[in-house]
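Open the model in your viewer and keep the selection panel at hand. The tour goes from stop to stop, with something to select at each.

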Amino acid sequence: MKQQNKGLNTICTHVGQLEDKEFKGAISPLYMGTAYAFEDIDVKRYPRYFNTPNQVALAKKIAALEHAEAALIFGSGMAAISTSLLAFLKAGDHIVIQKIIYGGTYNLVVEEFEKYGISYSFTDGFGAEDFEAKIQKNTKVVYIETPSNPLLNITDLKAVADISKKHGLVSMIDNTFASPVNQNPIDFGIDVVIHSATKYMGGHSDICAGAVASTEVNVKRIFQLAKNFGGSLSDYTVWLLERSIKTMGIRVRAQNVNAQHMAEYLHAHKDISAVYYPGLPSHPGHDIAKKQMKGFGGMLSFELNADFNASKFQKSLKLIKPAMSLAGVESTVLSPTLTSHSLLSPEERKRQGIADGLIRFSVGIEETEDLIADIEQALEKVRKEKEMAV
Ligand code: PLP
């Protein structure tokens, strides 16, 4: 049986497992070595060549999870993103990028690309026509993120892949928000799939890592740059990440269920003015998400009614923690205006639809009645303070 044909949780648990020949242990041994014997001109084993035993084993698991031929593991999501982009772009080239993407990727493009002579265009919307409209003669790459941060916008994977193929371009996706549990972009024709493994792959808010999955040829091309840029991950963290991914399927599926429940509760709440979650039929991307996602994910955003102080609300939460990152087993909230999107001007935030009171909610695996009780007590506190102020 081909590894890719195994079921999700079987891949998570078993694919890429290193055999413990000496002691017959049930888990992969950890090889921390940085000095390996020279075997062959083609097999020079070294952490920064991305080919230590634990790196190679984990890459097999991630490739299988993304229905890809090969994968590479990096020291962070941004190392995976920057190395992958620059592997396909050189001076004089142009890239078409989705209108709203993760703030770090946005900064990489607007702060660094000019130095390399690479030009870029952000799309005006999320439709396939918005991407095609920005393609130029020197365009080489189309870059998307779906669902996107923080409004969970949905981009049609197949439509973008088709346009990229029509124009001979490489299509790339940041698949972090969906995770390989909920979305496999290669099945829709996308060429290169990137993850911040810090998020759902790690899943416990204690690992910083990145990954890229694609064809053997593309991964070889990315590796050529990766060994020069040096963004490899320590073998201990590689080993921890392998352990974390074993439970990714059950974690993320539980988060899907919880997020749907929380989205429906917030959507029906009199104190909440907007909820952004692709699992809600009211979400503009719901129909496309239904076609290309196996689950709608654990991320959602919502806005409190204008007369509620969003900052006080977040500070009043007791169980749900304020946190800069996302996708852990614990539920967390964040204000995009104060954190991930704080470097954008107020006008740019408004243009992107990011209200000052927007709250991004990373739903964990807790019991939803406890999450609801926490939100209710925080709303009650803000309501009382509001009444006392009048
Ligand atoms: N992509 C998305 C969607 C993210 O949310 C993040 C981090 O928050 C990144 C990429 C960058 O990942 P890392 O922080 O692991 O470099």
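## Two prolines in a loop

This is a predicted model. Begin with Pro 150, which sits in the loop between β4 and α6. The peptide bond that leads from Asn 149 to Pro 150 is cis, with omega near 5°. Now select Pro 147, in the loop between β4 (139–145) and α6 (157–166). Its bond from Thr 146 is also cis, and omega there is near -5°. Most peptide bonds are trans.

## Two residues with positive phi

Most residues other than glycine have a negative phi. Select Phe 50, in the loop between α1 (8–14) and α2. Phe 50 is not a glycine, yet its phi is positive, about 60°. Is Phe 50 buried or exposed? With a relative accessible area of 7%, Phe 50 is buried, because the cut-off for buried is under 20%.

Next select Ser 205, in the loop between β6 (192–196) and β7 (210–214). Ser 205 has a positive phi too, near 55°.

## Asn 54

Go to helix α2 (residues 53–65) and pick out Asn 54. Its relative accessibility is 3%, so Asn 54 counts as buried. What is Asn 54 in contact with, beyond its neighbours within four places in sequence? Show Leu 18, Pro 29, Leu 30, Tyr 31, Asp 235, Val 238 and Trp 239.

## The ligand

An oxygen atom of the ligand is 2.9 Å from a polar backbone atom of Gly 77. In Ser 196, a side-chain N or O atom is 2.9 Å from a ligand oxygen. For Lys 199, a polar side-chain atom lies 2.9 Å from an oxygen atom of the ligand. Alone, the ligand would expose 390 Å², and the protein buries 90% of that.

## Helix α14

Finally, select residues 368–389, helix α14. At 1.5 Å a residue, its 22 residues should span 32 Å, and the end C-alpha atoms are 32 Å apart, so the two values agree.

Colour the buried residues: Thr 368, Leu 371, Ile 372, Asp 374, Ile 375, Ala 378, Leu 379, Val 382 and Arg 383. Looking down the axis of α14, these fall within an arc of 165°, so they line one face of the helix. An α-helix has 3.6 residues a turn, so residues three or four places apart point the same way. Among the elements covering the buried residues are α10 (248–267), β9 (299–304), α12 (310–316) and β12 (358–362). Turn to the other side of α14 to find Glu 369, Glu 387 and Met 388, which are exposed.

How values were computed. Residues are numbered from 1 along each chain as its sequence is written. This is a predicted model: local features need pLDDT of at least 70, side-chain atom pairs count only at pLDDT 80 or more; totals for chains, interfaces and linings use all residues. Side-chain values use heavy atoms; hydrogens and water are left out. Helices (H or I, at least four residues) and strands (E, at least two) are DSSP runs, numbered from the N terminus. The expected span of a helix is 1.5 Å times one less than its number of residues. Buried means under 20% relative accessible area, exposed over 50%, partly exposed in between (1.4 Å probe, protein chains only). The arc is that of the directions from the helix axis to the C-beta atoms. Contact means heavy atoms within 4.5 Å. A polar contact is a pair of N or O atoms within 3.5 Å; within protein, one must be able to donate a hydrogen and the other to accept it, and residues adjacent in sequence count only if both atoms are side-chain atoms. Accessible areas come from the Shrake-Rupley method with a 1.4 Å probe; for residues, only the protein chains shown count as cover.
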